[in-house]
Amino acid sequence: MRWRRVASGLILGLSLAVAGGIALQSATPFTPDEMRLRVAALWRYGAIEVPFQMATKNDPARGLMMRVAAGEALDAPDSARFRRAMQAVLADHQTLFALLDNNLCLVRDSGAGEANNVGEMGIAGLHDLHAASAASNFAEMTADLAALDQAGALRRIYLANEAYKDLTDLMVHLAPAMHSVVVSAAPALPEGVDPELAQDFEAFRAAMRVASFAPINSPTYLSAVAQAQARYTDLALAVQARVTARLTPLEQKIAGRWLAVQGVQPRLTLAR
């Protein structure tokens with residue numbers, strides 16, 4: 001029937017377009033400089049672009065958001081007001097975040113006996129325990145990388161994409177946490193995770209924690225963010241090396257590099 005021919009044509013056209021897009025993609029691993037550029041863009045995406053876009057235009061903290069986006073330093077009281085406002089924005093979108101990442105760790109009224117980064121105790125209400133969510137993604141990522149050794153071709157492609165998505169989620173969890181209400185404690189990683197990758201991850205997580213407790217855009221904050229980006233870059237390069245060592249050139253082409261269109265990855269605006 002005619003509608004079947006039309007449907008078949010559409011499916012064929014879409015398949016050819018996807019195949020053509022993949023064929024045009026480079027499978028060459030990112031250099032350290034290329035990786036650093038993408039890490040900086042991903043940090044800004046998670047810390048500023050997405051949360052600020054989610055805030056309503058009449059949010060009382062809109063002025064503070066614009067100052068932060070422009071790189072202006074905030075004092076401690078303004079930093080606390082800004083972080084409380086951003087916690088509310090993130091809480092309003094938790095359902096969406098949970099759909100995008102099954103590693104999201106939602107906790108109610110946690111850390112009642114711990115000092116938080118806005119001069120109070122604990123975190124009231126239902127919220128993402130960012131450090132725990134990132135730890136879950138990290139454990140899943142290392143398991144996927146380990147499974148590459150025994151996997152067949154199609155599963156290697158799948159595992160590579162899953163590992164790259166978990167890698168992205170590490171930053172997407174911890175970047176907005178710097179601008180939200182958090183406590184200092186971070187859950188320990190489960191036993192058996194790769195120790196080399198764990199070293200970079202823990203250094204990244206620790207630097208983000210320092211930034212979380214410093215006034216926004218202060219020297220301490222900026223130094224901690226730079227350190228966090230550097231250690232995350234080391235981690236990303238190590239993950240890339242593990243993937244490229246285990247996939248054939250054709251499999252790498254199909255799987256795509258980190259942040260490729262094949263995965264559920266954000267589209268980033270790279271600095272020039």
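Is glutamate 72 buried, partly exposed or exposed? At 37% relative accessibility, glutamate 72 counts as partly exposed (buried is under 20% relative accessible area, exposed over 50%, partly exposed in between, with a 1.4 Å probe and protein chains only).

This is a predicted model, where local features need pLDDT of at least 70 and side-chain atom pairs count only at pLDDT 80 or more, while totals for chains, interfaces and linings use all residues. Residues are numbered from 1 along each chain as its sequence is written, and side-chain values use heavy atoms, with hydrogens and water left out.

**View 1. Glutamate 72 pairs up with arginine 67.** The two form a salt bridge with their closest N and O atoms 3.0 Å apart (a salt bridge is a side-chain nitrogen of Lys or Arg within 4 Å of a carboxyl oxygen of Asp or Glu). Arginine 67 is partly exposed too, at 26%.

**View 2. Glutamate 120 meets arginine 84.** Here the N to O distance is 3.2 Å. Glutamate 120 sits in the loop between β1 (106-115) and β2 (121-128) and arginine 84 in helix α4 (residues 76-92), so the pair ties together parts 36 residues apart in sequence (helices are DSSP runs of H or I, at least four residues, and strands runs of E, at least two, numbered from the N terminus).

**View 3. Arginine 246 reaches aspartate 149.** This salt bridge spans 2.7 Å, N to O. Arginine 246 is in helix α9 and aspartate 149 in the loop between α6 (130-147) and α7 (153-177), 97 residues apart. Arginine 246 is partly exposed at 30%, and aspartate 149 likewise at 47%.
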